[in-house]
Amino acid sequence: MKFIEVKGGKKINMKKTIIAMCMVFVLMASLGFVVTSAKNQEQKKDKEFAFPDNAVEVSPGVFYLGKALDKGKVVEGYAFLMKKKEKFAKPGTVCGNGICEPGENINKCPQDCSGEDPTEPDASSCYTFLAKGAKWKTVEDYIVNIYNDDGLDELFITSNLISNIDKWEDAANYDILGDGSSTIETLEADFYTTDNQNEVYFDDLGETNTIAFAVVWGIFGGPPPFRELVEWDMVFNDAFTWGGVQYNQALMDFENIATHELGHAVGLGDLYTDLCSEQTMYGYSSYGDTSKRDLASGDISGIQALYG
Ligand SMILES: [Zn+2]
């Protein structure tokens with residue numbers, strides 16, 4: 001697994017880029033040109049987030065996007081929303097209270113658990129598939145636009161995505177997703193049809209209930225051996241304040257949410273029961289939550305059952 005630099009080159013100095021873009025804009029406007037790309041960028045920023053009319057909420061946080069044709073095959077799309085749930089954390093899921101509780105361990109909660117590792121409840125059955133047998137059968141690369149309002153840099157985001165993908169692939173012992181590339185082009189999640197790109201980016205959704213969402217297209221019906229996944233996109237809501245380089249309870253942890261969203265990209269569904277609240281695929285999160293960084297027993301059982 002490696003990360004390739006394309007299009008954007010090395011790190012982008014956004015301030016210099018913005019100043020340069022403004023100068024070009026003024027110059028071109030004075031010459032009578034219309035700089036449509038810059039205008040579109042502004043409009044996109046101000047737009048309120050809404051799924052298109054064709055999207056049907058089939059269960060809380062899951063939207064059916066309809067059918068499309070992908071390389072001659074009829075595929076269907078779904079969007080999975082990660083919703084914010086304040087105070088979702090129960091005793092045992094709050095790091096930093098000085099007590100090593102069930103559900104916490106030295107990796108998840110080093111502040112509380114120095115050497116202790118209490119037994120976690122048996123949650124190995126805590127997994128669901130998007131559809132039985134719906135998994136990746138070809139390895140596809142993905143592209144990332146790292147631009148975000150919170151100063152998360154390219155190296156952190158791209159290397160973190162790779163290590164999060166590795167968590168799922170190591171658990172499955174299967175090469176599921178391909179390599180990442182950086183781009184400075186504006187990316188759009190695919191609500192109507194596939195576009196042969198697996199896209200990752202930040203976007204201000206204009207609300208703070210949806211932390212992030214994943215869009216996954218595939219063949220989810222018919223005999224399971226013929227089902228497969230064909231495309232994924234992932235959007236992080238820039239209306240939240242993101243962090244993750246160092247733990248900070250006041251920030252939305254990028255690794256935590258990205259690892260969960262990648263679970264959808266590889267074929268797993270959300271979980272909502274209390275028993276499954278320690279799993280990476282638990283469908284709620286909040287500021288300061290890092291419980292999804294590490295795969296739990298159900299996540300591992302699920303990915304192994306899908307790709308085994
Ligand atoms: Zn989810």
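A residue is called buried if 20 or more other C-beta atoms lie within 10 Å of its own, exposed if 12 or fewer do, and partly exposed in between, with the C-beta atoms placed from the backbone. Keep that in mind as we walk through this chain. What you're looking at is a predicted model, where local features need pLDDT of at least 70, side-chain atom pairs count only at pLDDT 80 or more, and totals for chains, interfaces and linings use all residues. Residues are numbered from 1 along each chain as its sequence is written.

Let's start with the whole chain. The chain has 5 helices and 12 strands; these are DSSP runs numbered from the N terminus, with helices being H or I of at least four residues and strands being E of at least two. Of the 308 residues in the chain, 37% are buried.

Now for strand β8, residues 210-219. Here 8 of the 10 residues are buried, so β8 is largely enclosed by the rest of the structure.

| Strand pair | Bridges | Direction |
|---|---|---|
| β4 (residues 73-84) and β8 | 8 bridges | antiparallel |
| β8 and β9 (residues 228-237) | 8 bridges | antiparallel |

Next, follow the loop between β8 and β9, where Pro-225 sits. Is Pro-225 buried or exposed? Pro-225 counts as exposed, because it has 7 C-beta neighbours inside 10 Å. Pro-225 and Lys-132 are 93 residues apart in sequence, yet their C-alpha atoms are 8.9 Å apart in space.

Finally, the helices. Helix α3 (residues 154-172) packs with helix α4 (residues 254-265) at an angle of about 45°, and their axes are 9 Å apart. Axes are lines fitted to C-alpha atoms, for helices over the stretch in contact, and angles run from 0 to 180 degrees between N-to-C directions. The two helices are therefore oblique to each other: angles under 35 degrees count as roughly parallel, over 145 as roughly antiparallel, 65 to 115 as roughly perpendicular, and the rest as oblique.

Which residues make the contact? On α3 they include Leu-161, Ile-165 and Trp-168, while those on α4 include Phe-254, Ala-258 and Leu-262. Being in contact here takes C-beta atoms, placed from the backbone, that lie within 7 Å.

Notes. Contact = placed C-beta atoms within 7 Å. Pairing = 2+ DSSP bridges.
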